[in-house]
Amino acid sequence: MLTAAISVLALAVTGLGWHSVDQLVSSIERIGNLGLGGDNADGATDILMVGIDSRTDAHGNSLTQDELAMLHAGDDGEGGLNTDTIILIRVPNNGSSATAVSIPRDSYVDIPGLGMGKINSAYGATKITAQQKLLDKGVSPAEAERQSTQAGRQALVKSVAALTGITVDHYAEVGLLGFVLLTDAVGGVDVCLNNAVDEPLSGADFPAGKQKLDGAQALSFVRQRHDLPRGDIDRIVRQQVYMAQLVHQVLSAKVLTSPSRLNELSSAVGRTVVLDEDWDVVSFLHQLQDLSGGAVKFETIPVKDLNGWTDNGESVVRVDPAAVHKFVAAAVGDDEETKGDGGIEPSTVSADVYNASGTGGLAAQVAQALAAKGFRTGTVDNWIGGPVQSSRVLAASGGDAKARAVAQALGGLPVMAQAGLPEGAIRVVLASDYSGPGSAKGSATFDFSGTATATPVPPAPPIDAGTNGPKCVN
């Protein structure tokens, strides 16, 4: 929705005028009674953007066979009920910035009325259950479809709010076709791959390096998760660099000065976007007039175990709601309690974490502990710099305020200057004496499901839309 909103904003500020924008907004499909906040009492607009694996457009019209083939969507079925892209977007009321937080589709959460399940099933599983109950009561198929779809959306909104601690103000839904039409409307999107890929399930078949993708190719790019080192996490990174680059290109002069491109953007938004009916979109777009590409950043929630399993053998992504709450609050600027030494905001600090002890997995667990406190981590690996007798935090200067904040968060480790370390770089080196958060003695609040094979994924530095050229990814 952020990209769609910026696309509509582009229409307004480049000569079509707000009357034309109002006409466009009136063509967007609207839905109601989703249990949303909508009061902006926290000083921001919080939007749940959902990418749905749909075989119809936003108005319920079936896609053509050619479109289905282009989307690699397959036949009708439960796949059309999955919400495979889930992003919570916060826009402060002054409209000067935006933060988009991605939630892995397989995050194992408590779904209202159903119990524990993958968050991407909240919509579909709730809809199927509600639909059957309505049909059993004699409700017409059309009305059962409408009410059960609404119930599915409500369940997803509640699941996201419970996981993140953020009340959702507005809801935006975009089908598969939206990726294609929006991409083609800007003349293709530039991406960059670290390695060549050929994965037939998604249709992703690309060489390594920088390249421009058309709409159908872009959809394959953002949908691939098989054959990627970190599965859905790498797919989320792809989605984020795609959206960042799309926002960057929408705001570029080439798009803003092309009437044909603007018309394509208008058509794409009208055909593929669904919004809640209480959203005054035109007023919201007025708030975004000061938004610039560099003020849009993309985040991903911390993951406790990327390769988790349920008791019945289902592969899931395990998350810690408490850690997610803290991370999201820090990412959107709500968490005053997580500020470290000297008033440093943890979300502005990124540290590399190295294991110089004999305890396997210690660096990953400490990185997860830092993430739970709102910090970011870069490299998480074993230490190869020689023997280390005691744990420490390294920085260019022993007085580095950010390094001290990290040291305090890890139980008061000493901060030491290291010659040659770039200004701003922070390294945590963990020796056998470490007993702070994330260690066996200090990690009582970090449940790794009793397994030594857990694969935590702490948050990486954010991806922003103001960079020159696309970031190369897996």
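Residues are numbered from 1 along each chain as its sequence is written, and side-chain values use heavy atoms, with hydrogens and water left out. In this predicted model, local features need pLDDT of at least 70 and side-chain atom pairs count only at pLDDT 80 or more, while totals for chains, interfaces and linings use all residues.

View 1. Helices (H or I, at least four residues) and strands (E, at least two) are DSSP runs, numbered from the N terminus. Of the 474 residues, 54% count as buried; buried means under 20% relative accessible area, with a 1.4 Å probe and protein chains only. Contact means heavy atoms within 4.5 Å. Among contacts with a separation of 6 or more, 73% join residues 24 or more positions apart.

**View 2. Gln211 sits in strand β11 (residues 209–213).** Its relative accessible area is 14%, so Gln211 is buried. A polar atom of the Gln211 side chain lies 2.9 Å from the backbone oxygen of Gly209. Apart from neighbours within four places in sequence, Gln211 is in contact with Val189, Asp190, Val191, Leu193 and Phe206.

**View 3. Helix α12 (residues 362–372) is largely enclosed by the rest of the structure, because 9 of its 11 residues are buried.** The buried residues of α12 include Leu362, Val366, Gln368 and Leu370. Several alanines of α12 are buried too, among them Ala363 and Ala367. The cover over the buried residues of α12 includes the helices α11 (321–331) and α13 (401–409). It also includes the strands β16 (350–355), β17 (376–382) and β20 (427–430). After α12 comes Gly374, with a positive phi near 100°.

**View 4. The second largest pocket contains about 520 Å³ of space.** On a 1 Å grid over the protein atoms alone, a pocket is an open set of points where a 1.4 Å probe fits, with protein on both sides within 12 Å along at least five of seven lines; lining residues have an atom within 4 Å of a point. The volume is the space filled by probe spheres set on the points, which are joined across faces, edges and corners. Of the 27 lining residues, Arg230, Ile233, Val457, Pro458 and Ala460 lie nearest the centre of the pocket. Helix α7 (232–250) gives the most to this lining, with 4 residues. The lining divides into 17 nonpolar, 6 polar and 4 charged residues. Here Ala, Val, Leu, Ile, Met, Phe, Trp, Tyr, Cys and Pro count as nonpolar, Asp, Glu, Lys and Arg as charged, and the others, Gly among them, as polar.

How values were computed. Buried < 20%, exposed > 50% of the residue type's maximum accessible area, 1.4 Å probe, protein only. Polar contact = N/O pair within 3.5 Å; in protein donor to acceptor, adjacent residues only side chain to side chain.
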